[in-house]
Amino acid sequence: MSAALVYALTGAALFVFGVAGLMLQPHLLRKILAFNVMGSGVFLVLVGLGQRAGIPDPVPQAMVLTGIVVAIAATALALALARQLLDLQGEMRLPEEELDKDRLDV
Amino acid sequence: MKTLLNVVVLLLASTLGLALGWSMLDLPVAAVRLPEQVTAQLDMSGVAHPVTAVLLNFRGYDTLLEIAVLLAALLGMLALPRHVAGRENRPVPASTMLQTLARLLVPLMVLVAGYVLWAGAYQPGGAFQAGAVLAGAGVLLHLAGLLPAWVTLGQTLRAGLAVGLLVFIAVGAAVMAQGTLLQYPPDWAGALILAIEANLTLSIGLILAGLYLVLTNSGERA
């Protein structure tokens, strides 16, 4: 197994961790972090699969560079929205999650 | 009930992981050889580094839309109602040590940003890395208590935020006379890319710093 494939497989594992975290963690900050972990996994897959032939492929690398910057912007906007929710509700949870939690506690 | 949900999600996630890994191991080599195509066209691109050539020339659309997304994210944050602090909006002054260090480091960071921007033509670097260094300098200044958070944005600041996207669009429209959008004439490509990247660096630095400096202000309660 080449080193490039190890990167890609690690990326797939990170993506899966992110998916699980996104679904299981009710706190919005953790959801945003899980979303970033998912994104990092996708970047690793792109860069890893791009250099399977031995030479790095500049096209996926450029796309990942673009993706990182877009991910930063999306994360910042998500944090601003989460902060807004905190100001309005006093909690960093989605309303549905709160409902679920009450129901489950009973 | 909650544990059942956890188990189901973990099972589904591991199935997804296995499927992803399996498909990657099975994946055939791509039919189109992109690295060779990039190398073949590199002389026409105006720069010597393949990633910069892809970012600013071959796939210039991506980068144009990327700076638009950055600006849109900052505008989205500014559009949210913010708690503008009633008290003086100066950040808490940090220790003298940190302030002195920041005063020493920030000019160096500006210098590094300029170098990274210039180096992007022939080695890893470019507008986005340089912009990130500039933004880091802005955040450092704020943490050291030397730069207030952004409450209202003045005309100069707004112009700085938008100049990267506007110059990019202007260049794209100007070369449209040649045929397609963002297809630079080879003789001019290097100069046009440098002009776009220099303006992009300024805008990206300001926008990334703004993502922090707007958010850090919105938390201050009146």
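This report walks through chain B of a predicted model, from its overall build to its contact with chain A.

## Overall build

Let's start with the fold at a glance. Chain B holds eight helices and zero strands, so the pattern along its sequence reads α-α-α-α-α-α-α-α.

As for dimensions, the C-alpha atoms of chain B fill a box of roughly 60 × 60 × 35 Å along the principal axes. The radius of gyration of chain B is 22 Å, while a compact globule of 222 residues would come out near 17 Å. Buried residues account for 34% of the 222 residues in this chain. If we take the contacts in chain B between residues at least 6 apart in sequence, 79% of them join residues at least 24 apart.

## The nonpolar core

Which residues touch the most other members of the largest nonpolar core? They are Leu70(B), Ile207(B) and Leu211(B), in a core of 74 residues. Helix α8(B) is the biggest giver here, with 13 residues in this core.

Leu211(B) is worth a look in your viewer. Leaving aside residues up to four places away in sequence, Leu211(B) touches Ala73(B), Leu74(B) and Met77(B) in chain B, and also Ala73(A) and Ala76(A) in chain A. As a general background remark, nonpolar side chains in soluble globular proteins tend to be buried together.

Two packed helices are described by the angle between their axes and the distance between the axes. In chain B, helix α5 (residues 96-119) and helix α6 (residues 127-143) pack at an angle of about 170°, and their axes are 8 Å apart. Because of that angle, α5(B) is roughly antiparallel to α6(B).

On the α5(B) side, the contact is made by Ala102(B), Leu105(B), Val106(B), Met109(B), Val110(B), Val112(B), Ala113(B), Val116(B) and Leu117(B). The α6(B) side brings residues including Gln129(B), Val133(B), Gly136(B) and Leu140(B). Sorted by class, the contact of α5(B) with α6(B) has 16 nonpolar and two polar residues, with no charged ones.

Leu140(B) sits in helix α6 of chain B. Is Leu140(B) buried, partly exposed or exposed? It is partly exposed, because 18 other C-beta atoms lie within 10 Å of Leu140(B), while being buried takes 20 or more. Setting aside residues up to four places away in sequence, Leu140(B) touches Ala102(B), Leu105(B) and Val106(B). Leu140(B) and Ile67(B) are 73 residues apart in sequence, and their C-alpha atoms are 23 Å apart in space.

Ala31(B) lies in the loop between α1 and α2 of chain B. Ala31(B) is exposed, because 5 other C-beta atoms lie within 10 Å, and the exposed class covers 12 or fewer.

## Where chain B meets chain A

The contact between the chains takes 37 residues from chain B and 36 residues from chain A. On the chain B side, the elements that give two or more residues are α1 (2-26), α2 (34-45), α3 (50-58), α4 (60-79) and α8 (186-218).

Which of these elements gives the most to the side of chain B that touches chain A? That is α1(B), with ten residues. By class, the residues on this side of chain B divide into 25 nonpolar, eight polar and four charged.

Key: Residues numbered from 1 in each chain as written. Chains lettered and ligands numbered in written order. Predicted model: local features only at pLDDT ≥ 70, side-chain atom pairs only at ≥ 80, totals over all residues. Axes fitted to C-alpha atoms, helices over the stretch in contact; angles between N-to-C directions. Helix = DSSP H or I, 4+ residues; strand = E, 2+ residues; numbered from the N terminus. Parallel < 35°, antiparallel > 145°, perpendicular 65-115°, else oblique. Contact = placed C-beta atoms within 7 Å. Nonpolar A, V, L, I, M, F, W, Y, C, P; charged D, E, K, R; others polar. Rg over C-alpha atoms; globule rule 2.2 N^0.38 Å. Core = buried A, V, L, I, M, F, W, Y, C linked by C-beta atoms within 7 Å.
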